[in-house]
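I opened this entry to look up pockets and cores.

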Amino acid sequence: METQIELGLDSFGDVTHENGQPLPQARVLRNVVAEAVLADQLGVYFIGLGEHHRPDFSISSPEIVLAAIAGQTTQIRLGTAVTVLSSDDPVRVFQRFSTLDAVSNGRAEIILGRGSFTESFPLFGYKLDQYEQLFEEKLELFAALLGSNRTGEPVSWSGKTRGPLNQVRVYPPTESGKLTTWIGVGGSPESVVRAAKYQLPLMLAIIGGDPRRFKPFVELYHRALTQFGAPILPIGVHSPGHIAETDAEARDQLWPHYREMRDRIGAERGWPPSSRAEFEQEAERGSLYVGSPETVARKIAATVKLLGAARFDLKYTSGALPHELAMRSIELYGREVMPRVKAQLALVG
């Protein structure tokens with residue numbers, strides 16, 4: 001019997017290289033659309049596009065790219081990975097995604113988060129010393145908008161980080177009255193409890209280390225849902241990886257691009273340079289899903305089983321990894337990894 005695990009893909013629109021030179025961001029964006037179209041043809045459940053405002057990532061407006069994808073696809077669900085709610089307006093976020101939901105015939109999703117980068121705060125005029133308050137208040141308002149969308153009742157809200165709303169209806173509502181919304185969490189217990197408080201599914205961004213480190217977050221989430229009187233809700237996992245015909249080929253293809261991206265971001269954050277030994281450790285026992293279809297499928301199935309996940313999204317882009325290799329990775333994911341994951345989970349389930 002086939003298990004109902006949802007298997008998706010994520011991208012930040014990493015700026016890739018051709019002949020040793022970075023591609024124009026416009027071309028990278030067109031490549032992202034082509035990658036999503038391929039994923040749809042292969043039956044991948046979800047494509048998530050992450051919002052960033054940096055020279056090394058091309059996607060600053062995920063919903064615009066997702067709308068372009070919607071026009072060329074029929075099945076794949078369309079969402080973010082993540083939307084930085086803290087430096088955006090919740091009403092506009094809801095409107096953009098309810099519009100995407102309309103033009104895609106109900107395929108829109110949102111993963112809301114604070115983001116692992118802070119460039120959007122000064123860019124849009126927000127103060128970093130309000131980091132926590134901005135997310136808490138804006139999430140509270142967004143949850144109210146979701147409730148209004150569901151019931152048809154107007155919204156009233158007030159806070160300190162934006163003007164109040166008094167008996168306001170926000171348009172367009174979604175046709176179904178639903179808009180699937182996750183909370184993305186990278187390692188904060190407070191964020192886990194916050195997701196439970198607003199009765200929203202939890203997306204765990206596990207980008208390094210043993211996935212078992214996140215088991216306590218799953219347990220905390222379930223306890224918090226019970227304390228808030230909420231039903232059990234889905235948990236998802238977002239992790240990086242790359243697939244090729246063999247383990248050695250996949251690792252050799254990914255390593256130089258992984259190292260360059262890891263060291264560039266690490267230099268900003270005071271991390272020591274990466275090493276091939278660290279990379280191999282992440283591939284063997286950490287949260288890097290790199291290898292042949294069989295290796296990657298086995299590792300995904302183990303993580304899904306360990307954490308009780310209902311969704312697994314593989315971030316298939318990594319720094320300057322060429323578009324052609326990303327396309328091949330997507331093809332192997334859809335044709336070979338997904339069936340293997342479902343078969344392995346059916347055996348243990």
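How much space lies in the second largest pocket? I read about 620 Å³. I took a pocket as an open set of points on a 1 Å grid over the protein atoms alone, where a 1.4 Å probe fits, with protein on both sides within 12 Å along at least five of seven lines; lining residues have an atom within 4 Å of a point.

The model is predicted, with local features needing pLDDT of at least 70 and side-chain atom pairs pLDDT 80 or more, while totals for chains, interfaces and linings use all residues. Residues are numbered from 1 along each chain, and side-chain values use heavy atoms, without hydrogens and water.

I listed 25 residues lining the second largest pocket, with Leu179, Thr180, Thr181, Gln199 and Pro201 closest to its centre. Helix α5 gives the largest share of that lining, five residues.

I then turned to the largest pocket, which holds about 1,100 Å³. Its lining has 46 residues, and Phe12, Ser116, Ala205, Ile207 and His238 are the closest to the centre. The largest share of this lining, six residues, comes from α8.

Of its 81 residues, Leu204, Ile300 and Tyr333 touch the most other members. Helix α11 (residues 323-348; a DSSP run of H or I, at least four residues) supplies the largest share of this core, eight residues. I noted another core apart from it, of nine residues, including Trp255 and Phe279.

Definitions and conventions
Core = buried A, V, L, I, M, F, W, Y, C linked by side-chain atoms within 4.5 Å. Buried < 20%, exposed > 50% of the residue type's maximum accessible area, 1.4 Å probe, protein only. Helix = DSSP H or I, 4+ residues; strand = E, 2+ residues; numbered from the N terminus. Points joined across faces, edges and corners; volume = space filled by probe spheres on them.
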